[in-house]
Amino acid sequence: MSTSGLRRFCRLYVAALCSLTAFAAAAQDEACTEAPRVVAELRSAWTVAGPSVEAARNAGSVPVIAYARRVSVRLQPEGEVALRAPGRRTAGHAGMVAFTVPSAGTYRVMSSERAWIEVLSADGLPLPVYMRPLRCLRGEGVQKELIYRLDAGQRYTLEMSAVATPGLDLLIIAEPAP
């Protein structure tokens, strides 16, 4: 293939990628506008500042955070934290908090920073992510959202790692019905 043919191929490839990205963003925006009550409910919960807590360095001293209340979490240098399910990359800060939920169902974990997040069951095993939701609250400062199926009354540990900043805000909330 000649140099001009390669350049033309690369331009077409980049144009196709840009079109797919624009299409995906438009589809996401449309889905967000189709569920205004859900977005409004999540936005309302996220915008109320809550208490501050220092994340644990190990499983023996994990603070319990409130469900359905935004919490500011101060993290530790990642090398000083003994995670049971470490992320696949490092970025500076990490920590652990614990929580329970009042009833069985699907719950959204929201973070103000990009982070590697694992929710661990009482036996220390990571739970599978039920789904990755639409990112309708990026404009509100939510950088990461994951949805898990959780059981009532069970103590879960939330491990955060690969966080570039020394703190983040978290909110664990029941997934609103559409």
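**Entry 1: a term I need**

A residue counts as buried when its relative accessible area is under 20%. Over 50% makes it exposed, and in between it is partly exposed. I note that the model I am looking at is predicted.

**Entry 2: Ala-162**

Ala-162 has a relative accessible area of 3%, so I call it buried. I found Ala-162 in strand 8, which covers residues 156-163. Then I looked up its phi. The angle for Ala-162 is near 60°. That is a positive value in a residue other than glycine.

**Entry 3: Ala-68**

Where does Ala-68 sit? I traced it to the loop between strand 1 (52-54) and strand 2 (71-74). Ala-68 has 38% relative accessibility, so I list it as partly exposed. Ala-162, by contrast, is buried.

**Entry 4: the whole chain**

I stepped back to the protein chain. I counted 2 helices and 9 strands. In what order do the elements run from the N terminus? I read off α-α-β-β-β-β-β-β-β-β-β. The chain has 178 residues, and 37% of them are buried.

Next came the contacts between residues at least 6 apart in sequence. Of these, 74% join residues at least 24 apart. I also noted the surface. The chain exposes about 9,800 Å². Carbon and sulfur atoms supply 56% of that area.

**Entry 5: Trp-46**

I went to helix 2, residues 36-46, and picked Trp-46. Is Trp-46 buried or exposed? Its relative accessible area is 1%, so it is buried.

What does Trp-46 touch, leaving out residues up to four places away in sequence? I wrote down several partners, among them Arg-70, Met-110, Ser-111, Gly-141, Val-142 and Leu-171. Ser-111 took a second look. Trp-46 and Ser-111 are 65 residues apart in sequence. From C-alpha to C-alpha, they are 9.6 Å apart in space.

Glu-140 is another residue that Trp-46 touches. A polar atom of the Trp-46 side chain lies 3.1 Å from the backbone oxygen of Glu-140.

**Entry 6: Glu-118**

Glu-118 is in strand 6. I checked its burial too. The relative accessible area of Glu-118 is 15%, which is under the 20% cut-off, so this charged residue counts as buried.

Which side chain makes a polar contact with that of Glu-118? I found Trp-116, at 3.0 Å. I then set aside the neighbours within four places in sequence. Glu-118 is still in contact with Ala-85, Pro-126, Tyr-148, Thr-157, Leu-158 and Glu-159.

**Entry 7: the largest pocket**

I ended with the empty space. Rolling a probe the size of a water molecule over the atoms shows where such space is left. The largest pocket holds about 370 Å³.

How many residues line the largest pocket? I noted 17. Ala-115, Trp-116, Arg-132, Lys-144 and Leu-146 lie nearest its centre. Two elements give two or more residues to this lining: strand 6 (116-120) and strand 7 (144-150). Strand 7 gives the most, with 4 residues.

I sorted the lining by type. It divides into 7 nonpolar, 1 polar and 9 charged residues.

How values were computed
Residues are numbered from 1 along each chain as its sequence is written. This is a predicted model: local features need pLDDT of at least 70, side-chain atom pairs count only at pLDDT 80 or more; totals for chains, interfaces and linings use all residues. Side-chain values use heavy atoms; hydrogens and water are left out. On a 1 Å grid over the protein atoms alone, a cavity is a set of points where a 1.4 Å probe fits but cannot get out, and a pocket is an open set with protein on both sides within 12 Å along at least five of seven lines; lining residues have an atom within 4 Å of a point. Grid points are joined across faces, edges and corners, and a volume is the space filled by probe spheres set on the points. Buried means under 20% relative accessible area, exposed over 50%, partly exposed in between (1.4 Å probe, protein chains only). A polar contact is a pair of N or O atoms within 3.5 Å; within protein, one must be able to donate a hydrogen and the other to accept it, and residues adjacent in sequence count only if both atoms are side-chain atoms. Contact means heavy atoms within 4.5 Å. Accessible areas come from the Shrake-Rupley method with a 1.4 Å probe; for residues, only the protein chains shown count as cover.
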